[in-house]
Amino acid sequence: MFWVRFLVLALLSQAGVTQTSSSPTHASAPPNPTEEQPPLNTGSLSFPWSHLRLPENIVPLHYHLLLHPNLTILSYIGTVRLELQVQNNTNWVVLHSKGLRITTATVLDQNLAHLSDQVLPVLHNPTHEQVAIFSPRVLTGGQKYFLLLEFGAELGEGFYGFYRSTYRTSTGETRTLASTHFEPTSARMAFPCFDEPSFKANYSISIRRSPAHTALSNMPVTVVLDDGLMEDRFAVSVRMSSYLVAFIVCDFRSVSATTASGVKVSVYAAPEKWEQTHYALKAAVKLLEFYEKYFNINYPLPKQDLVAIPGFQSGAMENWGLITFRETSLLYDPTTSSASDRLWVTKVIAHELAHQWFGNLVTMKWWNDIWLNEGFATYMEYISVDTTYPKLRVEDYLLDTCFVAIGRDSLNSSRPISSVAESPTQIKEMFDTVSYNKGACVLHMLRHYLTDQVFQIGIMRYLRRYSYSNARNQDLWDSLANYITLQDQQSDHYKQHLDLTTMMNTWTLQTGVPLVTVARQGSRLVLKQERFLRTTHPSDPAWPSLYLWHIPLTYRTDTSTSIHRHLMTTLTDSVEVGEEVGWVKVNVDMAGYYLVHYDGPGWDDLIQLLKDNHTALSFMDRTHLIHNAFQLTTAGRLSLDKALDLIGYLRSESHTVPLLQGLAYLEAFYRMVERMDIPDVTQNLSTYILWYFRGVIDRQTWSDKGSVSERRLRSELLSLACHLGDLPCLEQAQRSFTHWLDSNSTLSLPADVTETVYSVGAQEDSGWASLLHIYTLSLSETHKHKILSALASSRDTNKLHRLLELGLEGEVIRTQDLDSLIVMVARNPRGHHLAWSYVQKYWSTLVDKFQLGSFSIRNIIIGTTGQFFSTEELTEVRVFFESIHEQASQLRVTQVAMDNIQKNILWLQRNLGTLRSWLDQQID
Ligand code: BES
Ligand code: ZN
């Protein structure tokens with residue numbers, strides 16, 4: 001009790017309140033609930049608000065927050081003094097709070113005088129995660145008040161709110177830290193607040209800690225009080241949304257540098273991982289400088305910290321000035337990290353730094369438009385890394401980002417980019433491929449359509465106009481359209497403006513990806529658009545016909561090097577290409593978010609072109625054709641042998657991206673027939689792949705030499721070759737593994753082939769046991785990830801079982817890695833059923849650990865059910881979802897999972913026969 005009282009006094013003194021205040025009532029501590037006055041009789045009061053969203057009648061202006069976590073007893077107490085603006089007379093303050101013990105509530109007027117002698121009643125509505133405080137004296141519209149709340153809670157066990165985490169040092173000591181993750185709706189788990197993105201406010205945060213710890217928050221520390229216990233007071237924040245608040249108490253070590261504009265950038269990690277922080281620091285400085293120039297708006301805070309948190313559920317979180325990361329997303333260990341690990345770290349930093357503008361400075365009004373944050377940050381990764389780290393060739397991955405989006409968008413269960421999301425579960429589920437990937441691809445299309453310059457200046461305007469405030473889609477289109485009008489004085493302002501909005505609405509408010517079918521008719525190219533669906537055929541009664549997009553079409557032909565453009569705004573259309581034209585390739589470099597089908601001899605012309613002279617097309621066009629063809633076969637629109645013929649040119653392909661795209665389909669087919677236990681096709685497919693790609697496999701060296709793309713190719717090819725049982729590959733991997741073990745694991749293997757070497761080594765009992773032992777000791781998370789993947793590739797189901805048990809215990813294998821572990825086991829043909837039974841058995845434990853709607857839960861569902869190919873399995877999944885109806889009905893992902901299985905079943909029906917006979921022919 002003394003502790004609580006002490007905190008209140010401290011907070012009030014910070015605000016300049018003293019015992020001699022002019023307040024008519026007592027001005028220092030509020031009345032003590034148990035000793036002095038009884039609280040008001042709350043029996044007659046009922047919760048005054050019935051909506052999920054808070055009333056708009058009261059607006060938070062400034063939070064003074066004092067927190068005192070105790071890392072020994074794993075709990076904390078806190079006080080918030082919240083300055084409020086009341087719009088209309090009311091007796092109630094309604095705000096968010098989840099799982100907090102609110103011990104005292106008081107309302108003060110502008111002069112910090114208490115409005116009531118009594119401790120105010122706090123009513124709870126746990127289903128809406130809200131509390132309501134009743135003030136017997138009316139709060140008058142137009143006035144400001146202070147709400148003072150004392151509260152306490154445990155430091156959470158999960159990954160949301162203010163939660164605890166531990167790590168082990170090399171001497172075996174366990175250390176504890178406390179950290180936060182709030183987005184989207186968990187700030188309310190750490191302190192009572194108006195937890196919605198448009199309630200922006202300033203935050204003055206203070207943290208009590210022991211001298212052995214460091215406290216971090218969004219802003220730099222300005223005052224440190226030392227009273228045995230330390231108290232760090234952080235500078236007042238800029239106006240921001242509650243989900244961006246963050247604080248950490250830990251014993252980490254950091255490295256720092258300053259950007260050209262004077263921002264102090266620091267990277268923090270557990271002391272023994274300090275060596276792994278240097279790459280991130282360099283990258284963060286470079287990228288922050290890039291964004292300041294690109295957006296033409298300086299980063300507004302004096303510092304930016306990037307912290308590697310040992311227990312972290314997602315990849316990273318963009319808290320303003322205090323970005324938190326999973327260790328694998330920030331730490332780079334030059335001895336064990338591969339080329340793709342480095343690219344990943346760079347991309348994550350680029351993503352979170354982009355959010356400091358897109359998301360933090362300008363925030364979506366509501367979660368339905370979360371793509372304005374996530375789609376932009378995802379797309380900015382490509383723009384910024386392309387300039388700052390051209391050698392990483394980040395553009396090689398853009399197409400794949402769009403392919404993933406199309407994968408989801410071509411199922412019935414997809415959703416529009418902007419979709420209704422009200423409950424916390426629905427809001428969490430908005431952080432999906434549609435917001436991230438489709439958002440990024442649609443922006444890429446828009447940038448291409450408007451030109452780089454118009455796009456850049458448009459978003460500068462948008463960011464400037466909505467700084468420290470919130471925006472909707474329309475605000476973005478307006479900012480972009482205004483600029484077009486300024487540029488082109490001839491154009492009709494209204495028309496331009498309207499057209500951009502109409503065009504973009506077809507992409508953001510409508511579900512799906514269009515398929516444009518093109519046919520040659522004399523000198524014209526006849527065009528038709530429809531929604532592309534992999535599971536529904538146009539002949540089905542369920543075929544949707546009400547879809548129409550405004551498609552910025554582009555094409556290239558054999559008669560000129562220029563790109564032709566045409567805005568297609570109707571279901572059918574045509575363009576003049578000329579009688580003399582041979583081949584036509586539509587959607588140049590796949591800058592547009594649509595698939596293309598070539599009617600008549602169109603595909604044959606392109607197949608021939610790739611055979612004769614594939615470099616007539618860019619590598620992106622080649623990759624796009626491969627993707628298109630295989631998507632059409634899945635939908636039953638193109639026969640599989642055509643798609644297989646199309647990749648018949650791959651032996652002469654020297655670019656990594658199309659080569660890997662073609663191989664990825666073959667590998668996916670292999671995994672499918674292997675998993676379905678279809679021995680003849682499995683055998684023939686593996687023989688075919690190893691025969692056809694022999695030359696390129698043999699050219700690979702077991703090293704880390706070469707460019708990033710060469711390294712990526714090596715890594716993927718050797719992994720596939722060993723998986724297919726290629727003898728030379730297996731022998732080399734086994735030799736490397738033995739060498740490595742003989743050296744007591746001191747020898748460092750080439751990072752790009754480490755995972756393959758371990759996977760081969762893990763097939764022997766002793767190799768598996770050694771790997772598990774090394775896993776427990778390793779201080780590099782990227783290294784551990786590679787070992788775990790190898791362990792999960794074992795053919796021994798007992799071992800897989802053991803891994804899943806370890807994942808549940810959360811000691812040797814951290815809970816944060818459990819979702820990827822389950823997916824790894826599910827991908828293993830021997831582990832597939834095991835993983836699925838495990839998910840069913842431990843469903844509620846998994847939901848408790850990860851929360852419904854979270855990325856991890858979705859990953860687990862899609863990762864396990866994505867391996868099903870039969871109607872019996874579909875039924876099994878449906879029955880399970882029915883058994884958890886209450887949760888499943890809140891989730892979109894269950895429908896996605898069932899659509900996925902349906903798609904798999906149809907694929908086999910449509911294509912297995914063709915694959916078998918095509919392979920027979922090839923083997924002959
Ligand atoms: N804002 C998100 C973090 C987040 C994810 C919050 C899900 C709430 C729910 C962050 O910017 C993000 O997108 N993180 C990604 C990694 C990123 C590089 C794609 C993640 O955590 O997966
Ligand atoms: Zn993000």
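The side chains of Glu374 and His351 are joined by a polar contact of 3.1 Å, a term that here covers a pair of N or O atoms within 3.5 Å, where within protein one must be able to donate a hydrogen and the other to accept it, and where residues adjacent in sequence count only if both atoms are side-chain atoms. The model is a predicted one, in which local features need pLDDT of at least 70 and side-chain atom pairs count only at pLDDT 80 or more, while totals for chains, interfaces and linings use all residues. Side-chain values rest on heavy atoms, with hydrogens and water left out, and residues are numbered from 1 along each chain as its sequence is written.

His351 lies in helix 4 (residues 339-355) and Glu374 in helix 5 (residues 371-388), helices being DSSP runs of H or I with at least four residues and strands runs of E with at least two, numbered from the N terminus. With a relative accessible area of 2%, Glu374 is buried, and His351 counts as buried at 7%; buried means under 20% relative accessible area, exposed over 50%, and partly exposed in between, using a 1.4 Å probe and protein chains only. Leaving aside neighbours within four places in sequence, Glu374 is in contact with residues including Glu183, Glu318 and His355, where contact means heavy atoms within 4.5 Å. An unreviewed UniProt entry lists His351, His355 and Glu374 under "binding site", although such annotations may be inferred rather than shown by experiment. These residues are spread over 24 residues of sequence, yet they cluster in space, with a largest C-alpha distance of 8.6 Å.

Phe162 and Phe247 form an edge-to-face pair, 4.9 Å centre to centre with 85° between the planes. Because Phe162 lies in strand 8 (residues 161-168) and Phe247 in strand 14 (residues 247-250), this pair ties together parts that are 85 residues apart in sequence. The rings of Phe295 and Trp357 have their centres 5.4 Å apart and their planes at 40°, so that pair is tilted. Phe295 is in helix 2 (residues 278-295), whereas Trp357 is in the loop between helix 4 and strand 20 (362-364), 62 residues apart.

How values were computed. Chains lettered and ligands numbered in written order. Phe/Tyr/Trp six-rings, centres within 6.5 Å; stacked < 30°, edge-to-face > 60°.
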